[in-house]
Amino acid sequence: MPVVQRRGDQYVVETEQYSISVDTQDGTWATLGRQGAPIGRLFLPGAVDPVEGPDITLSVSPPVVKERPEYVTFTIACQSSRWRQRVVRLRCREEVIDLDIRVQGEGAIEAVHYFGGATPDGPVRSIPHFNRLFTPAPTARLKQHFDPDARALISVHDHQDSQTGAWLYAFTPAPLTFCVRPAEANWLSMSVCAMPGGYNFEDYVYDGSNGFELRLNYAGHTPVDGEWTSPRLALVGGGDEYDALQAGCAWRNLCGNCPQHNQPSALWWRSPIFSGWGEQMALAKLTGGQQPPSDYSTQANYEGWIAQLEAYGVNPGIIVIDDKWMGQYGDPRPDTAKWPAMRDFIRHQHEAGRHVLLWWKAWDAEGVPPEEQIQGSPWPEGSVDPTNRAYWQRLNTAVEYLIGDLDADGFKVDYTHHTPYGRDARAEGESWGVELLRDLIAHLSDAAKEIKPDALMLTQTPDPYFANVVDMIRLNSMDAFEPAQSLSTGDILTHMTHRARVARAASADWLIDTDNWPRLEREQWLGYVQRQPYLGIPSLHYVSRMDSTGESLRPEDYILIAQTWKAYLARKGR
């Protein structure tokens, strides 16, 4: 049990994992250390900005200390320029420190600042004594480690990388955790711990300008009328950055901030995957781009590709029918001009021992009435509103047809990075940000599993808050990378291994789709094919040629794929 000691003008709590000291007369600053090394000088008052402007700290009271059986609590009252009251609660447990900010008053929240804020003299940031920052969110330069003066972001929608200009959307969201490390100590994770229903923010930001702070962006979608408490920020140690990430995610589960996986995985979920997207891209390029790749999602093409794989002894257990098999994204039914007999196609795959997933474009409102959409969506195609009951019924009806009547086996959900955002957009219900995306996936998952309990939900959302609505995490494509010519095979393998380690750290129960649309030259692609079984489930997007270079696959390539898959299945006892 941690205990608090008074040493001169400081309250001090020391455990095997950390040490923290707070001034006895002024709760403004705390000094945090780990394994004898300083981590930072922390500005504790924080801030909860309403849309009207910054929440300025006018004064800070001495901390009130309480010792409980499992933790020590420091309660610090702050005079705020925007709220009748702002109170910070810092809890020191044996292995974990967490804090939250409670405000009283009325307003709509724009942002919550941890370890940063403002006083009448101007903005205030904490002082870093660590020298490395780690973000789990994939970046365009294959870089996950930064200096403490960097800016890093984890979000439910895509953002432009300030260094490269590339759009980042591989994981939306990545686990809501950043990690830091001083030169002389191990890593420390900083994780957002909201209670279920409380993930109504769009972004989690590490901002290292002029010091550092952590920030949640709400964009005015969370109203306060009385009292409101922020998500907790938990500080948990680990041996390395991935261990610290895993520890932060595990703490969120232990505290009830994230649901548990609600069913064991079906055996067929572990089967090698074939998606036609790479072939669709290759065909579009071969014809000079006169038609978009989505035009090549046809029954005839997929039947031909599968027959070609069979002829070479490559036998996937899961077929993903990719973009665009449907007539309308928002109310999907097969486009009969391209898929005249999808039910028969699925039946034939079942007879061959395969299962079929349908690619699902999240959010796109094509074919959905305006009243069932997010009002003021920032996306040109519009956004469906999962809090609208009429849309909810529309989704249920579509799933009943696709899973029930056509007998499909689940969904590959894409475009989660098109989650609506911004102050001007509005949902009918209260959910927003991470919560709104989870609502959409939960409705889709519940509807599918009501019909088929083993229906597979495949997404790119490796935050543990999605654990009971997602079965498999897709590592996503590498098309956000810089030009392939500047990357070695080792660069690519290292980065995809990073993505797999992040997904595993978030939840060891998630299966991993290793993806296979890397826009690389053939030799690099073959290198990744051989690495896939060690990262997760092998996945194939190509049958005839690479879309990036036009290189044709060779007979020995099919032999390598077949042998790689055979070895993978043997290790799985199949």
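Which residue in S28 does Trp360 stand opposite? The residue opposite Trp360 in S28 is Val413. The model is a predicted one, in which local features need pLDDT of at least 70 and side-chain atom pairs count only at pLDDT 80 or more, while totals for chains, interfaces and linings use all residues. Residues are numbered from 1 along each chain as its sequence is written, and side-chain values use heavy atoms, with hydrogens and water left out.

Helices (H or I, at least four residues) and strands (E, at least two) are DSSP runs that are numbered from the N terminus, and two strands pair if DSSP finds at least two bridges between them. In these terms, strand S27 (residues 355-361) and strand S28 (residues 410-414) run parallel and are joined by four bridges. Both strands belong to an open sheet of eight strands with parallel pairing, whose order is S31-S30-S29-S28-S27-S26-S25-S32. Strand S31 (511-513) and strand S32 (539-540) stand at the edges of this sheet, each with a single partner strand, so one side of each is left without a neighbour in the sheet.

Helix H5 lies across S27 and S28, and runs at about 155 degrees to S27; contact here means heavy atoms within 4.5 Å, and axes are lines fitted to C-alpha atoms, for helices over the stretch in contact, with angles running from 0 to 180 degrees between N-to-C directions. H5 (residues 389-405) also meets helix H6 (residues 434-451), the two axes coming within 9 Å and crossing at roughly 40 degrees. The two helices are therefore oblique to each other, given that angles under 35 degrees count as roughly parallel, over 145 as roughly antiparallel, 65 to 115 as roughly perpendicular and the rest as oblique. By class, the contact of H5 with H6 has 10 nonpolar, three polar and one charged residues, where Ala, Val, Leu, Ile, Met, Phe, Trp, Tyr, Cys and Pro count as nonpolar, Asp, Glu, Lys and Arg as charged, and the others, Gly among them, as polar.

An open sheet of six strands, with antiparallel pairing, has the order S1-S2-S3-S4-S5-S14. Its edge strands are S1 (4-7) and S14 (127-128), each of which pairs on one side only. Strand S5 (residues 37-43) pairs with S14 in the antiparallel sense over two bridges, and the bridge partner of Arg41 in S14 is Ile127.

Strand S23 (residues 213-229) is mostly covered, since 12 of its 17 residues are buried, where buried means under 20% relative accessible area, exposed over 50% and partly exposed in between (1.4 Å probe, protein chains only). S23 runs antiparallel to strand S11 (residues 96-114), to which 12 bridges join it, with Arg215 in S23 as the bridge partner of His113. Strand S22 (residues 203-207) is also antiparallel to S23, through five bridges, and Tyr204 stands opposite Leu216 in S23.

Some backbone details deserve a separate look. Most residues other than glycine have a negative phi, and most peptide bonds are trans. Asn210, in the loop between S22 and S23, has a positive phi of about 55 degrees although it is not a glycine, and Asn210 is exposed, with a relative accessible area of 77%. Ala219, found in strand S23, likewise has a positive phi, near 55 degrees, but Ala219 is buried, with a relative accessible area of 8%. A cis peptide bond joins Thr172 and Pro173, with omega about 0 degrees, and another cis peptide bond, with omega about 10 degrees, joins Asp323 and Lys324.
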